[in-house]
Amino acid sequence: MTAMSTINVAFFDFFAAITIISAVLMVTRRNVVHSAIFLITALLGTAGIFLQLEAEFLFAVQIILYVGGIMVLFLFVIMLVNLDVSLHQLQFNRQKWVATILAIALGAEFLLAFRRGGSLIRFAAPGAGMMQPNTELVGEAIFSNYMLPFELASILLLVAMIGAVILAKRRI
Amino acid sequence: MDERSIHGMSGAGTTVLGADEIILNMGPQHPSTHGVLRVKLKLDGERVVGTECIIGYLHRGVEKIAEHRSYQQFAPYVDRMDYVAAVSNGLGYCEAVEKLLGAEAPPRARVVRTILTELQRIASHLLWLGTHALDIGALTPVFYCFREREEILKIFEKYCGARLTTHAFRIGGLQYETYDGFEAETKRFCDDFAHKIDEYETLLTENRIWVERTKGVGILSAEDAIALSVTGPVLRASGVKWDIRKAMPYAAYDQYEFEIPTRENGDTYDRYLVRMEEMRQSRHICLQAIENIPSGPIMGKVGKVLKPPPGEVYHAIEAPKGELGYYIISDGTTQPYRLRVRPPSFINLQAFDSMARGGLVADVVAIIGTIDIVLGEVDR
Amino acid sequence: MSTFNNLLPYLWPVIFGVVIVAVLPLLAGYVVLLERKVMADMQARLGPMRVGPHGLLQPIADALKLLLKEDIIPENADHFLFWIAPLISVTAALVAYAAIPFGPGFQIADLNIGLLFILAVSSLGIYGIVLGGWASNSHYSLMGALRSAAQLVSYETAAGLALISALLLGSSLSMRALVMAQQKMGLWFIFCVPIGFFIYFVGSIAETNRAPFDLPEAESELVAGYMTEYSGFRWAIYFLAEYANMIVVAGIATTLFLGGWLRPFASFHAHIPGTGVEILDLLPSLLFLGVAGYCVWLAPRQPVAVQKLFMLAVAGFCLLLAGVLGWSLAVPEFLPAVHGGFWFLAKIFVYIYGFLWVRFTFPRYRFDQLMSLGWHFLIPLALANLVGVAVGIVLHLSLGWGLFPSLLLTTLLTLAVAIFLVWGKERHARLAALPSDGA
Amino acid sequence: MIPTSHYLYLSLALFIIGVVGVLTRRNIIIILMCIELILNAVNINLVAFSHLFGGVAGEVFAIFIITDAAAEAAVGLGIILAFFRNRETVLADEMDLLKW
């Protein structure tokens, strides 16, 4: 095992641990702001995973859009609607156990699928350096093969923007 | 007011949007409430939906003190009301007592009083301009303003030994003769000051941000201004041509030519322009007065012990901030039976609510600045 | 040993990183001193003069004072967030340095997505402000935080669009490649896209919360905005983050618009006869020699013996710098690195001087005016500029016009758009000033 | 090198955590955030497979998903704000006006 791959594995473990731990903390925290922060760290961990997968452009997009944009919006709204009382309310509903069982079933199902179907989708070691230069490749893909979905996505954003403005505006 | 939002803090605590309104407590320790004014703002987001001024943090009972001091002893106290325009305060008080006594200051004293008072008006307006600009975020004008104000304070210091609380005037005239070079120094200051004002105006008057921040902010209509008995530059910026120096001349003002600057819109920008023009007019008055100061005594004959005849008198002057009136009741003893001050700051502050309502938080700061209050005078 | 060889490529970046993290607080401190001195100069006074000659030791004294101050956490604050918020700010600011090329050799990592990386990481700094403001549990802090969040999100858009106009010319996201593109073109991008530079200048002032866009910490309104409840060391960390961010945005502007580490007139080559030394490369050394001479001249005029010595020490330091800059002329391997670093820092300081100049000249915007400036003027202008630059490049590529003339043409067209926008805004303001039932 | 299955396990874990959050939490903002977590799990999957097959198609779709998430967050938070103004609550099980 070379030094490179040791570092690679170490980075993967590190980012995966950050992601999972913060995801768990996010779901369990009582304070919504703390939850949001742990979601941010989870997203940053995911961004690290992207970087480790040689998807640099996606790493930047993840941080700029997700962490720097969407989560700021979340925090903004949390600060606007944060109620003192909500800290003392019950945080989980009655579906707790149902949900847990469901989740376990879901997990088991997926695991089974991975184990059984692993041979079908050939979990080999991924090739390295095939997606460089990443930004250029993604750009070319978006503006050639995926032109229509890209335009649709921008229309979706426009619609969402108008919708959000109308919903949030007090008096129109 | 909503008790919960007053006591509950924001941030990690309660809601901002929940009740749709938050209470923001500005002051008494806030960098731009000009001392110890406390303003309770009811905010909807950044918009002001209600205000409440809470005053009294600097109350010293000046009016009550007057009842236990002889007329001369009380004179230094008035300096501590509007402490950035002490000379004007002293002028109003001395003239009120002189009116009560039926005495009059000699012509020379009256002219020197006029010069010093007009210099004080410039100094007061300079301080206002500097701090007002600072409130709106312009960091630099305040230093230029203080540079010029320093020159005026130097003249005061040379004249009577004090810079801020001068106690420059005495009942019946002046205690000190003017020093050698008083005329020359005042003239030099006035000559320099002409383009200094132009310099300030180049920094601010045409500045886009300044205009945007002040135009249409804190509008006070002429009717409202009169109804709220607002006086001084605030009133004149609303278009009412009322200046006691012209309407009921005192000191030596009837001898000089000067304009009463007025504007129509009654917004913060107009008040700024009015005060700038007033500084020019004050300079003009000073220059006229300095040309021929009559010779003669500077102290009238009023005697050592002042016992005004029983009666009452109201005398008002045009202080830098507006009408400064003294209402004195004498019972024939050496001490006033009752003394009441009509402070311009206190009464102008009443207009704050109607000006600030509907504005933004940043406008509140601009409006507190534009009314030009001094808390020593509001609270007395 | 082989492991060591494998790790060697990682060694230089680590050393660079340590150097930057170690030097940056000092640099930020001296930027503060510079700011106070420039402010004093513009306001007809002297500024700090007490600590060291001409206040040269003031930053160190300030840092010591801040370190020793009592650390206050408000009773009802959210302790964890209150503790971590300044650290988020400063970390985001420092990480951004990883991709800034201080010189041709002095860069921690020449990332493929360099510019995106810097933008991404520095956009995290907003969390420090928002969380700090929220955790302080005070109205002023919260309002500062909310203002800051809205402001940063709005101006990031305009600044990002302005950067894209330069990216179109450089056709890369790598900071190094962007400088190389300017070298190849023989023209800094500021001359090709002046409007883009202007928008980025305004946007970067807003992003770093500097006057006239310092609403999140507007002293006269919000006391100190999100920093109201902070004191001592935590406050110092926020302060460091703010100045570190200033240097980051200045670094981005320098790299994208001002030719990075390139010397002015980089394509003008005039050698001293008989040697391979270019005349223009002598400029930095001469500058420092001049400063050293001035210090020597000042030294006997200092009132206290210690100050005389200190002045001489400063002169010596300048001589040393001049020596290093001159010596590197003789050693071709070091020439680009040393002089590149010099020019980069010099450009950063010029850019920051622009910040200071603006700060001491203009009053502060009001929140709604700030938003309308961002959304109604800067973003449309940035979009128009982007289209203009793109059209200019197309003209250059398809019609074979020179790149500079075609960009000049489109720039003029964009200026027309800008004038139209201003005119429309003023017309709007006039209409709004008319009496109406709305308001 | 890390086998792709590791990424799948990571993504699975995130997905399940997200689902549990959506099903159990009462605060609707946290529910929205859990949905973001689920979307992220999907993104990891897409990028991992993209890496495995050496194309950028997966990354492009991940970008579309992020776009989607932005739209969803904007509209979702808009609804929450509007709802909060009327009912002063952010608890999902108290949003029962349509329940008969």
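The radius of gyration is taken over C-alpha atoms, and the rule for a globule is 2.2 Å times the number of residues to the power 0.38. In this predicted model, chain C can be set against that rule: a compact globule with 439 residues would have a radius of gyration near 22 Å, and chain C has 24 Å, which agrees. The C-alpha trace of chain C spans about 80 × 65 × 60 Å along its principal axes. The secondary structure of chain C comprises 16 helices and zero strands, and buried residues make up 47% of its 439 residues. Among the contacts in chain C with a separation of 6 or more, 75% are accounted for by residues 24 or more positions apart.

Within chain C, one residue of note for its backbone is C:Asn209, which has a positive phi of about 55 degrees although it is not a glycine. C:Asn209 is placed in the loop between helix H9 (194–207) and helix H10 (219–222) of chain C. A residue is buried if 20 or more other C-beta atoms lie within 10 Å of its own; C:Asn209 has 23 C-beta neighbours inside 10 Å and therefore counts as buried. A positive phi is also found in chain B, where B:His167, a residue other than glycine, has a value near 50 degrees. B:His167 lies in the loop between helix H6 (141–160) and strand E4 (169–170) of chain B. Because 18 other C-beta atoms are within 10 Å of B:His167, this residue is partly exposed.

Chain B also holds an open sheet of three strands, in which the order is E6-E7-E8 and the pairing is antiparallel. Strand E6 (311–319) and strand E8 (336–342) of chain B are the edge strands, each of which pairs on one side only. From one strand to the next, the twist averages 15 degrees. Strand E7 (residues 322–330) of chain B runs antiparallel to E6(B), and nine bridges join the two. Among the paired residues, B:Val313 has B:Ile328 in E7(B) as its bridge partner, while B:Ala319 is partnered by B:Gly322 in E7(B).

Chain C and chain D, by contrast, do not touch, and their nearest C-alpha atoms are 14 Å apart. Where chains A and D meet, 74 residues of chain A are in contact with 60 residues of chain D. On the side of chain A that touches chain D, the elements that give two or more residues are helix H1 (3–28), helix H2 (32–52), helix H3 (56–81), helix H4 (96–117), helix H5 (134–143) and helix H6 (147–168) of chain A. The most is given by H3(A), with 13 residues. When the residues on this side of chain A are sorted by class, 55 are nonpolar, 17 are polar and two are charged.

In chain D, helix H1 (residues 4–24) has 21 residues, which at 1.5 Å a residue should span 30 Å; the end C-alpha atoms of this helix are 30 Å apart, which agrees. Of the 21 residues of H1(D), 16 are buried, so this helix is largely enclosed by the rest of the structure. One residue of helix H1 of chain D is D:Leu8, which counts as buried because it has 22 C-beta neighbours inside 10 Å. When residues up to four places away in sequence are not counted, D:Leu8 touches A:Phe114, D:Asn45 and D:Ala48. The C-alpha atoms of D:Leu8 and D:Asn45 are separated by 6.0 Å, although these residues are 37 residues apart along the chain.

Note on methods
Residues are numbered from 1 along each chain as its sequence is written. Chains are lettered from A and ligands numbered from 1 in the order in which they are written. This is a predicted model: local features need pLDDT of at least 70, side-chain atom pairs count only at pLDDT 80 or more; totals for chains, interfaces and linings use all residues. Two strands pair if DSSP finds at least two bridges between them. Helices (H or I, at least four residues) and strands (E, at least two) are DSSP runs, numbered from the N terminus. Axes are lines fitted to C-alpha atoms, for helices over the stretch in contact, and angles run from 0 to 180 degrees between N-to-C directions. Two residues are in contact if their C-beta atoms, placed from the backbone, lie within 7 Å. The expected span of a helix is 1.5 Å times one less than its number of residues. A residue is buried if 20 or more other C-beta atoms lie within 10 Å of its own, exposed if 12 or fewer, and partly exposed in between; C-beta atoms are placed from the backbone. Ala, Val, Leu, Ile, Met, Phe, Trp, Tyr, Cys and Pro count as nonpolar, Asp, Glu, Lys and Arg as charged, and the others, Gly among them, as polar.
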